[in-house]
Amino acid sequence: KDIILVLDNSGSMKKNDPDFVISQAIMRFINKFDQNVRLSIIVFDQEVKIVEPFLLVNEQNKATFLSSLNLIDYKGLYTDSPAAIERAIYELKNNEREDSQKLIVFLTDGIVDTGNTAIDLEKTRWLKQELAADAVENSIRIYSIGFTKTADFQLIQSLAQQTNAEYYRALELAQLDSAFNNIHGLITQQDLVAQVVSTPSETIETEKDIPVFANNEVEQTTAVIEPEMAEPFEPPTIVAEKIIPITEQKQAEPSTIFPYVLLVTFLGV
């Protein structure tokens, strides 16, 4: 995994974290990873600074990460988070290791604030649309933590949803460890999914005869069903009428002249 921490260094953070407890929570988060993970740290206020380029998370480098976190002073005037996310995406696109998971962990306590309202609106749109689409295209997941109630939760939720990640509300310092633990758990879960996907083909081969049904559909048979043969059709027998020869018909019919003969005879008498 290649992970970049994008951390808010604006002045409002000092009010919410006067004892710099966040750096300690971040260090506990870093300590959870092994040396297969590379990690970089970006801090932002009105400017964006890479305080630590990519380093493997091993015992020797953990001291270096701690020193970099100590550079956070909460003296920034503004909060240019879109510029920070753009730089993180750029670093992951151009300095990634082959086949690595690319992740951003973004922590802020406020909204996009450059000192110019029109620019703030334009940069917020840029972050939600173009930068989020760039992250999706490059398979970069953006996990976000909104620290205190003043954080722009609509913005960080949009980033998380579009990049198939998650966002968390840490409304007080005590909730930070819980948020970081959840993010670590989700990243570890992605490792398990990757292991299942990369299972050797011979293992799957033993299950090739097990039917798999999608969406609970009933298995469709491919056998050809022969139509049932019906009994041979016998047309109905028509009974022929008895045909009487014409000669017989004349003999059988009564004479139609006879009544007239009787009438003429009667009238003559």
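Contact here means heavy atoms within 4.5 Å. The model is predicted, so to speak of local features takes pLDDT of at least 70, side-chain atom pairs count only at pLDDT 80 or more, and totals for chains, interfaces and linings use all residues. Residues are numbered from 1 along each chain as its sequence is written, and side-chain values use heavy atoms, with hydrogens and water left out.

**Exercise 1. Find which residues serine 81 touches, leaving out those up to four places away in sequence, and say whether serine 81 is buried or exposed.**

Step 1: Serine 81 sits in helix α4, residues 81-95. Helices (H or I, at least four residues) and strands (E, at least two) are DSSP runs, numbered from the N terminus.

Step 2: list the partners. Beyond residues up to four places away, serine 81 touches Phe44, Phe106 and Val112. For phenylalanine 44, 37 residues apart from serine 81 along the chain, the C-alpha separation is 6.8 Å.

Step 3: check the burial. Serine 81 counts as buried because its relative accessibility is 2%. The cut-offs are under 20% relative accessible area for buried, over 50% for exposed, and partly exposed in between (1.4 Å probe, protein chains only).

**Exercise 2. Work out how α2 and α3 pack.**

Step 1: get the geometry. Helix α2 (residues 21-31) and helix α3 (residues 59-69) pack at about 155°, and their axes are 10 Å apart. Axes are lines fitted to C-alpha atoms, for helices over the stretch in contact, and angles run from 0 to 180 degrees between N-to-C directions.

Step 2: name the arrangement. That angle makes α2 roughly antiparallel to α3. Under 35 degrees counts as roughly parallel, over 145 as roughly antiparallel, 65 to 115 as roughly perpendicular, and the rest as oblique.

Step 3: pick out the residues. From α2 come Ser23, Ile26, Met27, Ile30 and Asn31, and they meet Lys62, Phe65, Leu66 and Leu69 in α3. By class, this contact has six nonpolar, two polar and one charged residues. Ala, Val, Leu, Ile, Met, Phe, Trp, Tyr, Cys and Pro count as nonpolar, Asp, Glu, Lys and Arg as charged, and the others, Gly among them, as polar.

**Exercise 3. Now try α5 and α6: how do their axes cross?**

Step 1: the axes of α5 (residues 117-137) and α6 (residues 153-162) come within 9 Å and cross at roughly 20°. That makes α5 roughly parallel to α6.

Step 2: α5 supplies Thr124, Leu127, Lys128, Ala132 and Val136, while α6 supplies Gln154, Leu155, Ser158, Leu159 and Gln162. Sorted by class, the contact has five nonpolar, four polar and one charged residues.

**Exercise 4. Look at the phi values of aspartate 99 and threonine 148, and say where each residue lies.**

Step 1: recall the background. Most residues other than glycine have a negative phi.

Step 2: aspartate 99 has phi near 65°, a positive value. Aspartate 99 lies in the loop between α4 and β4 (102-108) and is exposed, at 74% relative accessibility.

Step 3: threonine 148 also has a positive phi, about 75°. Threonine 148 lies in the loop between β5 (140-147) and α6, and is buried, with a relative accessible area of 10%.
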